[in-house]
Amino acid sequence: MDSIYITALVVGLLGGVHCLGMCAGVVGGLTFSLESRIQTSWLKMMPYQFLYNIGRITSYVIIGGVFGALGAGIGSLATFLPAQQFLQVIAGLFMIALGLYLGGWWFGVAKIEKLGQALWIKLAPYAKNMTPVKHYYQAWLYGLIWGWLPCGLVYSMLIMAMSAGSALNGAAVMFAFGLGTLPNLMLMGVFAFYFTRLARMVWVKRIAGLSVMLMGAWQLYLAYSVSV
């Protein structure tokens, strides 16, 4: 189980190039809103940025627990180990597809993002009504809604959470993944322009994509080695 948490953490970090492209408008808008309202230094904006992201990670943990419980339920209907191996293989394949997506070679994962559009359309007005953010608790609530933004990277990790074997383990996988995304999005909240530009560089995307593909291949190897 330790390897699955490390994998989720590293994928969150490497997937930052996707986060920067996907969430640049959200984070940048919040940053500029804070600058215009409080007209203060970036150090005083950091608590707001931190709470935005903690709210987002809270959403990941909740849905990770749901998917972990779902995976455990599937395992209880069959022999547990083969079911868990099957889910781990699916998670590995999704990670390879995600790596192709991050590297700009294949965009099949983008189609998965469309599955969450219906839910996001219903939630987006609530997020809009919370701006401009004036209090710390509003920042956390905004992040809680932001966590449901349709994202192929998140959906890929939910498959891994499903293979974790329990609700608690699934929540822990998504917590590790959320922590991995934290540095990129925290930095982008302060230096939005620079990091968005960096994320668009082809070589950055390809290195991240190849790295995630290798981790997907590692998950496939782990699933195979258990059966041998």
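**Reading the features**

Biologist: Over the face of which residue does arginine 56 lie?

Modeller: As a general idea, a charge is taken to sit over a ring when NZ of Lys or CZ of Arg is within 6 Å of the ring centre and within 35 degrees of the ring normal. Here arginine 56 lies over the face of tryptophan 146, at 5.4 Å from the ring centre. Bear in mind that this is a predicted model, in which local features need pLDDT of at least 70 and side-chain atom pairs count only at pLDDT 80 or more, while totals for chains, interfaces and linings use all residues. Numbering starts from 1 along each chain as its sequence is written, and side-chain values use heavy atoms, with hydrogens and water left out.

Biologist: Is arginine 56 buried or exposed?

Modeller: Burial goes by relative accessible area: under 20% is buried, over 50% is exposed, and partly exposed is in between (1.4 Å probe, protein chains only). Arginine 56 has a relative accessible area of 1%, so it is buried.

Biologist: Where is arginine 56 placed, and with which residues is it in contact?

Modeller: Helices (H or I, at least four residues) and strands (E, at least two) are DSSP runs, numbered from the N terminus. Arginine 56 is placed in helix α3. Contact means heavy atoms within 4.5 Å. Leaving aside neighbours within four places in sequence, the contacts of arginine 56 include Trp146, Gly147, Gly178 and Leu185.

Biologist: What does serine 59 touch?

Modeller: Serine 59 also lies in helix α3. Not counting residues up to four places away in sequence, serine 59 touches Gly143, Leu144, Gly147 and Trp148. Its relative accessibility is 2%, so serine 59 counts as buried.

Biologist: With which side chain does threonine 58 make a polar contact?

Modeller: A polar contact is a pair of N or O atoms within 3.5 Å; within protein, one must be able to donate a hydrogen and the other to accept it, and residues adjacent in sequence count only if both atoms are side-chain atoms. The side chain of threonine 58 makes such a contact with the side chain of tryptophan 140 (3.5 Å). Threonine 58 lies in helix α3 and is partly exposed, at a relative accessible area of 22%. Threonine 58 touches Trp140 and Leu144, residues up to four places away in sequence not being counted.

Biologist: How many aromatic pairs are there in the whole structure?

Modeller: Rings of Phe, Tyr and Trp (its six-membered ring) pair if their centres lie within 6.5 Å; planes under 30 degrees apart count as stacked, over 60 as edge-to-face and the rest as tilted. The search finds 5 aromatic pairs. In the pair of tyrosine 48 and tyrosine 136, the ring centres are 4.9 Å apart and the planes stand at 55 degrees, so the pair is tilted. This pair links distant parts of the chain, 88 residues apart: tyrosine 48 is in helix α3 (residues 42-77) and tyrosine 136 in helix α7 (residues 136-146). Tyrosine 48 is buried at 10% relative accessible area, whereas tyrosine 136 is partly exposed at 46%.

Biologist: Which residues of α1 are buried?

Modeller: An α-helix has 3.6 residues a turn, so residues three or four places apart point the same way. In α1 the buried residues are Ile4, Thr7, Ala8, Val11 and Gly12. They cover an arc of only 130 degrees around the axis (the arc of the directions from the helix axis to the C-beta atoms), which puts them on the same side of α1. Exposed Asp2 and Ile6 sit on the face of α1 turned away from its buried side.

Biologist: How many residues of helix α8 are buried?

Modeller: In helix α8 (residues 152-162), 11 of the 11 residues are buried, so the helix is largely enclosed by the rest of the structure. One of them is serine 156, with a relative accessible area of 1%. Leaving aside neighbours within four places in sequence, serine 156 is in contact with Phe94 and Leu98.

Biologist: What does glycine 216 touch?

Modeller: Glycine 216 is placed in helix α11 (residues 202-227). Glycine 216 touches Gly92, Met95 and Ile96, again not counting residues up to four places away in sequence. The C-alpha atoms of glycine 216 and methionine 95 are 4.7 Å apart, although the two are 121 residues apart in sequence.

Biologist: And how many helices and strands does the protein chain have?

Modeller: The protein chain comes to 11 helices and 0 strands. Of its 228 residues, 48% are buried.
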